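Here are my notes on the model you sent. Please read them with the structure open beside you.

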Amino acid sequence: MTDKKFPLTGISSVALHTMGHDNAEFAHITPIFATSTFTFDTAQQGMERFAGEDKSRVYSRWGNPTFTAAEETIAALEGFGLTDAQGDPLKLKAILHSSGQAAMTTMFMSTLKAGDTVLSHYSLYGGTHELFLKVMAEAGINTIIEDLRNLEAVEIALKKDPSIKLVHIETPANPTIQCVDIAAVTAIAKQFGLLVSVDNTFATPYLQQPFKYGVDFVFHSTTKFLNGHGTAIGGVLIGKDIELMKNKVWKWHVLLGGNSNPFDAFLLINGLKTLEIRMDRHCSNAVAVADYLSNHKSIAHVNYVGLPTHPDHATAMRQMKHPGAVMSFEVKGGLEAGKQFIDKLQMCVRAISLGTVDTLISHPASMSHKGVSAEERLKFGITDGLIRLSVGIENIADILNDFDQALQ
Ligand SMILES: *Cc1c(COP(=O)(O)O)cnc(C)c1O
C-alpha cells in the first residue's frame, strides 16, 4: 500500500489510490498478471522464496500481483477509518477466492474441526445454509440455527452448548432482509470467547463495517456489489488476526485450492473503483422503489429495512449508513400473481444474483433457496409468493414505469 502523506477522507479515494503504480513497466492500471508461476534467477533465490526470506512470488495458487491489488483495496475499504485497541489504524488481511462459497469454505474449515458447532441465523444465503447442513455436517461440524435477533436466545444457546466455536452473522440476510445487531451479538459471543464472522455481501463496506464491532472475519461474495457489473464470480475473506490469516487461514486456502484468477481479479478491481457512486445510486433508487411498492394496491407486503414498518429498521439504521438496495415483496394473489408480474417486466432482468448495475428480479423459493426445505423456508419467512429485487442504477422513472405496466 502507498503511504499517503495525509489521510484520505472518503472511500472513493481509498478505492482508487490504495494501490500505487509501482510496477516494472510503469503501467497506470494494475496489469492482468496472467501467469501460473514466477521465475527464480538462481536456485538459491528459489530456496529463499520458499523459506519466506524473500517475499517475492512463487506460484499463483499462493498469490498473484493482480489478486494482491484487489485484496489490499478491499482490506482498506473494510478498515477505512477504524482503529485497533491501541488507537492505530486497524490492520486487516484479505484473501481473494474463486467464489463466495470458496471464501466461506476456507473460513469455516480453517477455524473449525469435527465436533465443533457454528451458531448462525435463519434466513441465510441458500448456499451458506446448504454448506452448513450438507457439507460441514458430513465433516462432523454441526450447525445450530437460531433467530440471532433474539439476544436472549443467543445467550441461552451459547450457555447450553460449549461446542459452539463460531457465530456466523449475515446481515442484511437473504432474502428476507432481516438484520442482526452485530455489536450486541458480538459482545455476547466475546463473553464466551468465540469467533464471529459476518457476511457483508448485501451491505458492502460502504454501508456497513463489521470490524467496528470487534468481529474476527468479514466475508463477501464479490460477485455482487463489489464487482458490480456481473462479469465474474468471486469471493473474499478478510481477517484482523494478521498472524492467523497469514499462517493457518492462508495455508488452508492454498490447500483447498479456491484461488481466484488474474482476469476476474482485474474485473473486480475495476468494479471497486466506482463502488461509492454506484451504491449511492442503487440506494436512492431502492428507496423510491420501496416507497412505490409499499403504496401500491396490488402489493401485499414489502421487506425493505428502510421502511419503518420493517421489524429490523432500528437495528439497520444503527449499523448501516443506508438500508441498501435489495428488497423482497409479495404480490397480492401469491405465487401465480407474482409469476405473472415477473413475466410482464420489459426492462428489469429475470435472473438470480444481485448487486449488478442493472435491476435483477428472482423467485427465492424456486431458485436461490430451492435447496432449503419447504418447512424451513416457511419458518424463515421465505414464502412461495416472495419475489427478490436487486435495484439497479437505471434512471428511476424507467424502473417505476416497468413496474407500473407489469402490475396492471
Ligand atoms: C452470492 C452470495 C454468496 C455466495 O457467493 P458466490 O460468489 O455465489 O459463491 C454468499 N452470501 C451471500 C449473501 C450471497 O449473496
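**Notes on the predicted model**

1. Start with a charged pair. E130 and K134 form a salt bridge, and their closest N and O atoms are 2.7 Å apart. Keep in mind that this is a predicted model. Both E130 and K134 sit in helix α5, which covers residues 126-138. They are four residues apart, about one turn of the helix. Over the whole structure, the search finds eight salt bridges.

2. Next, the domains. The protein chain splits into domain 1 (11-117 + 195-272) and domain 2 (277-407). The C-alpha centres of domain 1 and domain 2 are 31 Å apart. To their contact, domain 1 gives 17 residues and domain 2 gives 18 residues.

3. How much area is buried between domain 1 and domain 2? The figure is about 1,500 Å². Carbon and sulfur atoms give 62% of that area. On the domain 1 side, Y206, L207 and F225 lose the most area to domain 2. Together these three residues make up 45% of what the domain 1 side buries.

4. Which elements give two or more residues to the side of domain 1 that touches domain 2? They are α8 (204-207) and α10 (262-272). The largest share, three residues, comes from α8. By residue class, the domain 1 side has eight nonpolar residues, eight polar and one charged.

5. Now the sheet. Five strands form an open sheet with mixed pairing. Their order is β8-β9-β12-β11-β10. The edge strands are β8 (299-303) and β10 (349-350). Each of these two pairs on one side only.

6. Strand β8 pairs with β9 (residues 326-331). The sense is antiparallel, and the pairing runs over four bridges. Where does N303 find its bridge partner in β9? That partner is S328.

7. The domain interface buries about 1,500 Å².

Methods. Residues are numbered from 1 along each chain as its sequence is written. This is a predicted model: local features need pLDDT of at least 70, side-chain atom pairs count only at pLDDT 80 or more; totals for chains, interfaces and linings use all residues. Side-chain values use heavy atoms; hydrogens and water are left out. Domain bounds come from an automatic or database domain assignment. Contact means heavy atoms within 4.5 Å. Buried area is the accessible area (1.4 Å probe) that two parts lose on being put together, summed over both. Ala, Val, Leu, Ile, Met, Phe, Trp, Tyr, Cys and Pro count as nonpolar, Asp, Glu, Lys and Arg as charged, and the others, Gly among them, as polar. Two strands pair if DSSP finds at least two bridges between them. A salt bridge is a side-chain nitrogen of Lys or Arg within 4 Å of a carboxyl oxygen of Asp or Glu.
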